[in-house]
Amino acid sequence: MKRLTAAAAAALAAACGPALAQGSVTLYGTIDLGVLTIDHASASRVGYVPSPADGGGLTALKDGGIGASYWGMRGREDLGGGLAATFQLQGNLNGKDGTTGGANSSGGTSFFNQFATVGLAGAWGELKFGRQVSPMYYAMASTDARGARYFGSSLTALVALNSASGAWSGANSNPAFGTVYNDNAVVYNAPAWNGLSLSAGYAFGEVAGSAKANVQESLAAIYANGGLRLSALWYNGYGNNLDTATALFTAATGNAAAGAAAAAAAGFSPTANTNRLAAVGALYSFGAWTASASYFRARNPAHAVVPNGSDSLDLWSVGAGWKPLPALNITAGYYRIKDNRNAGNHASQFAAGAEYALSKRTLVYFEGASVRNAGANMNFSPVYATRVPADKNVRAFMVGLRHTF
């Protein structure tokens, strides 16, 4: 990360007026690109909605093996008395073609699709307003030996949970179970106390006449003491999947009015409590070794489901890491999903990777994963943002380069 030089900061402050006169701005980002080989890629046109359509094998340049490429800027102004004003703007940057941004909660596209916040920070903690990462993500990633990577991790397992609902297309960032990003959000991060960090988030639904419609709520806790780390998260949402369910029922009936009526009859509405995710995790590091385990409980309290979908899923994971050299990190993880609604439907993934740091800011990596999908709503993918056919076993490998600036 590079802070603006004194001369550049002074020039920028002079051009923009007093707003930057007593603050600082940091420009930063990451480019992560690699070659992906996967033996089965989805040929479906309905996003992450499970489909048996198999497009066959694929070898391609892919953005994001460890994590997505992105760029951003953040700033801080000391207000005195230990109080500071903060801001952060950050969005995806696809290194393949230079496109920027991504889907927001309403199904549109945002340039700064990861962070667009302003806030206040002090000894009492930090309060941030705007589009931002839900506290649940940090808890989830903190106790995954694979670190919620884009290739084979708790993050790809979370996507698989949402796909298994049958009613999430990926067209917006408010999926079926939990949410990584929230629009219209207020997040409070409390100061750490005896190793315990607590965070809470509330995303306004902004629907006239209803204080509950489309609201999203989250709580997260992380405890760290020596090599031990424990995490817990709770997420609750209303109105999730209504748009996708309506589109699916409309396609099935051939009529928009009939599709909307069928979605409503199935229990989907802006105020239906369709999103409930709870999880606990643990990670322990000892010397060069790390071990982790977690359990996720995904439920749809309104029991609003589409055909072949699910309102009740469980996810277990175990992971391990080894650093034989300071620059070399080897990790592995196993993730298993069980569908409690559709008997016999399940999916599992084993992933492993090695990353070698060429410097503090540049690393090369190799990742591999094998997935077993059993059931019409199981399309667990080894790689984030790479869809696979349902009820199909899949293998994938990727070699890449990641540079942070």
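How many salt bridges does the chain hold by the distance rule applied here? The count comes to 9, where a salt bridge is taken as a side-chain nitrogen of Lys or Arg within 4 Å of a carboxyl oxygen of Asp or Glu. The structure is a predicted model, in which local features need pLDDT of at least 70 and side-chain atom pairs count only at pLDDT 80 or more, while totals for chains, interfaces and linings use all residues. Residues are numbered from 1 along each chain as its sequence is written, and side-chain values use heavy atoms, with hydrogens and water left out.

The chain contains 5 helices and 20 strands, both being DSSP runs numbered from the N terminus (H or I with at least four residues for helices, E with at least two for strands). Its radius of gyration is 21 Å, which agrees with the value near 22 Å that a compact globule of 405 residues would have; this radius is taken over C-alpha atoms, and the globule rule is 2.2 Å times the number of residues to the power 0.38. Along the principal axes, the C-alpha atoms fill a box of roughly 60 × 55 × 45 Å. Among the contacts (heavy atoms within 4.5 Å) with a separation of 6 or more, 62% are made by residues 24 or more positions apart.

The accessible surface of the chain, computed by the Shrake-Rupley method with a 1.4 Å probe and, for residues, with only the protein chains shown counting as cover, comes to about 17,600 Å², and 62% of this belongs to carbon and sulfur atoms. Of the 405 residues, 47% count as buried, a class that means under 20% relative accessible area, with exposed meaning over 50% and partly exposed in between (1.4 Å probe, protein chains only).

Among the salt bridges is the one between Arg-149 and Glu-355, with an N to O distance of 2.6 Å. This pair links distant parts of the chain, 206 residues apart, since Arg-149 is placed in the loop between helix H2 (135-142) and helix H3 (154-164) and Glu-355 in strand E18 (residues 346-357). Arg-149 is buried because its relative accessible area is 10%, and Glu-355 counts as buried at 8%. Another salt bridge, of 3.2 Å from N to O, is formed by Asp-314 and Arg-299; here strand E16 (residues 312-325) contributes Asp-314 and strand E15 contributes Arg-299, 15 residues apart. Asp-314 is buried at 8% relative accessible area, and Arg-299 is likewise buried at 16%. The side chains of Asp-78 and Arg-76 also meet in a salt bridge, at 3.8 Å, but Asp-78 counts as exposed at 54% relative accessibility and Arg-76 as partly exposed at 43%.

Strand E15 (residues 289-299) also holds Ser-294, which counts as buried because its relative accessibility is 13%. The side chain of Ser-294 is joined to that of Ser-317 by a polar contact of 2.5 Å, a term for a pair of N or O atoms within 3.5 Å in which, within protein, one must be able to donate a hydrogen and the other to accept it, and residues adjacent in sequence count only if both atoms are side-chain atoms. When residues up to four places away in sequence are not counted, Ser-294 touches Val-280, Gly-281, Leu-315, Trp-316 and Ser-317.

Phe-366 lies in strand E19 (residues 362-374) and counts as partly exposed because its relative accessibility is 45%.
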